Amino acid sequence: MLTSESQTDCLYQQEASRTVFRVDYPTPYVTDQKKGFGSVVNKRLLIVEDDPGLQSQMRWCFTDDVEVVVASDRGAALTALRRFEPQVVTLDLGLPPDPGGAKEGFALLDDIVRLSPATKVVVVTGREDRENAVRAIGMGASDYYQKPLDADILTFVVNRAFRLAELEQENRELSQNRNGTTIKGIVAASPQMLSLCRMVEKVAPADVTTLIIGETGTGKELLARAIHDMSHRADHTFAAINCAAIPENLLESELFGFEKGAFTGATQSKKGKIEMANGGTLFLDEIGDMPMPLQAKLLRFLQERVIDRVGAVNPVHVDVRVVCATHRNVEELVSTGAFREDLYYRISEITLDVPAVRERDGDAIVIAQSLLKSLGRQLDRPNLGFSEDAILAIQGYSWPGNVREMINKIKRAIIMAEGKRVSASDLQLRCDDFVHDGNVLNLRQVREDAERAAINHALKTSNFNMAQAARLLGITRPTLYNLTDKYKIETSPAVSGA
């Protein structure tokens, strides 16, 4: 009985039985036209082969779920690698100007491994050329197959490489899905947000009333949920209510509940949000808009941990943690008499101040990249990237609506983008949005300043781990080294003298 390895060896010896179609391509690399322009294909394959007949036969082996690009020499292959970003490359070692040897093929393999380490390279060798196959594996190729071409063997090997690339990508995403933070849903690399996240980690286990302040769209509810999830109350209810979204005459019954017959329409008793959160966490969003009469009742609850349902005779004891949030300046509300001072001190045992996106050094592009990836998957356009002018626009724009505004703009851009790159116009951002100290700057200078700042912050955040810093920035490690050389950035922490 043949082992799986023996069966594979036998399959490699089979002659190709399919018809070979010869096609002459006018360009050095050609995208598979049958898929049409603007189509979105998850699997991307680069075939490096100088024989047009083999090019055609290899392309014919793959179905519509694989987008194929063909390159006939080293230069065209490197161009396609940068523009097309394939997960898998099939590489014939015999390339011009040395089609009879393997020197050019090995040089290209070295380039691919250096420029795109995540790309899986399947090397094509002659039937008796196992020595070069072994050498290629040692240089970083993931697999090989031997000529003559067999469609079944080719698709098997290439699909195996795709699966390996997919598994490694999933592993990378799982390892960095928290983007430098330990809080689910918070994407950050800036010192400001990382410091805030460390505060949340310390506050969560302590059963104290917490006030989260910050502009609209900065993620206050995400932080409230994180406090709940990291506390000993995580297995119980997280109940949220927006104090500004409910009319004043209904807010009391929504918070405290009511008894049957307490008012017209009260046909049965109902628990309020506070009682529903018993054992868990109550999140009072936009507490700065709470009406003054309700503030007194809330203060009594916070002091005594009992509530009175509307129309009830007996109070109800509850055990609940309270987290509040507002975009308003509560101290100013207190000074104008719009908010009770004693309630303010009761809800702000711990205060967390969430910085706006414009105040988070280097976070705008990190958040945008994460949103493009997640929203792209939701909208069935998973392979989009940002163009250079879009990156400049994201870094230069002030984002007055913070992350919520960014979500809206990126979602629209994903829908409107024509090709595989989201542009500044897709984001509805203009060059005159890049303002600093009242003056419009040169775009090249804006880009260089932003790149330099982002690299410095990524290095500090990762404790100068180049691989981790490259992941935070969404670039390869060689690219990061090139940029640190370009901007003369130190790649190791400075050592102070004794």
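1. **Basis.** This is a predicted model, in which local features need pLDDT of at least 70, side-chain atom pairs count only at pLDDT 80 or more, and totals for chains, interfaces and linings use all residues. Residues are numbered from 1 along each chain as its sequence is written, and side-chain values use heavy atoms, with hydrogens and water left out.

2. **Overall.** The protein chain has 19 helices and 17 strands. These are DSSP runs numbered from the N terminus: helices are H or I, at least four residues, and strands are E, at least two. Of its 498 residues, 45% count as buried. Buried means under 20% relative accessible area, exposed over 50%, partly exposed in between (1.4 Å probe, protein chains only). Among contacts (heavy atoms within 4.5 Å) with a separation of 6 or more, 70% join residues 24 or more positions apart.

3. An unreviewed UniProt entry annotates Asp92 as "modified residue: 4-aspartylphosphate". UniProt positions follow the numbering used here, feature names are shortened, and annotations may be inferred rather than shown by experiment. Asp92 lies in strand 4 (residues 88-92). Its relative accessibility is 6%, so Asp92 counts as buried. Leaving out residues up to four places away in sequence, Asp92 touches Val48, Glu49, Asp50, Val124 and Lys147.

4. **Helix 5.** Which residues of helix 5 (residues 130-139) are buried? They are Asn132, Ala133 and Ala136. Just after helix 5, Gly140 has a positive phi of about 125°.

5. **Cavities.** A search of the whole structure gives three cavities of 30 Å³ or more. A cavity is a set of points, on a 1 Å grid over the protein atoms alone, where a 1.4 Å probe fits but cannot get out; lining residues have an atom within 4 Å of a point. Grid points are joined across faces, edges and corners, and a volume is the space filled by probe spheres set on the points. The largest cavity has a volume of about 70 Å³.

6. **Lining of the largest cavity.** Residues lining the largest cavity include Asp361, Asp363 and His457. Helix 14 (363-378), helix 17 (443-461) and helix 18 (466-473) each give two or more residues to this lining. Helix 17 gives the largest share, three residues.

Definitions and conventions:
1 Å grid on protein atoms, 1.4 Å probe; cavity = no way out; pocket = protein on both sides within 12 Å on 5 of 7 lines; lining within 4 Å.
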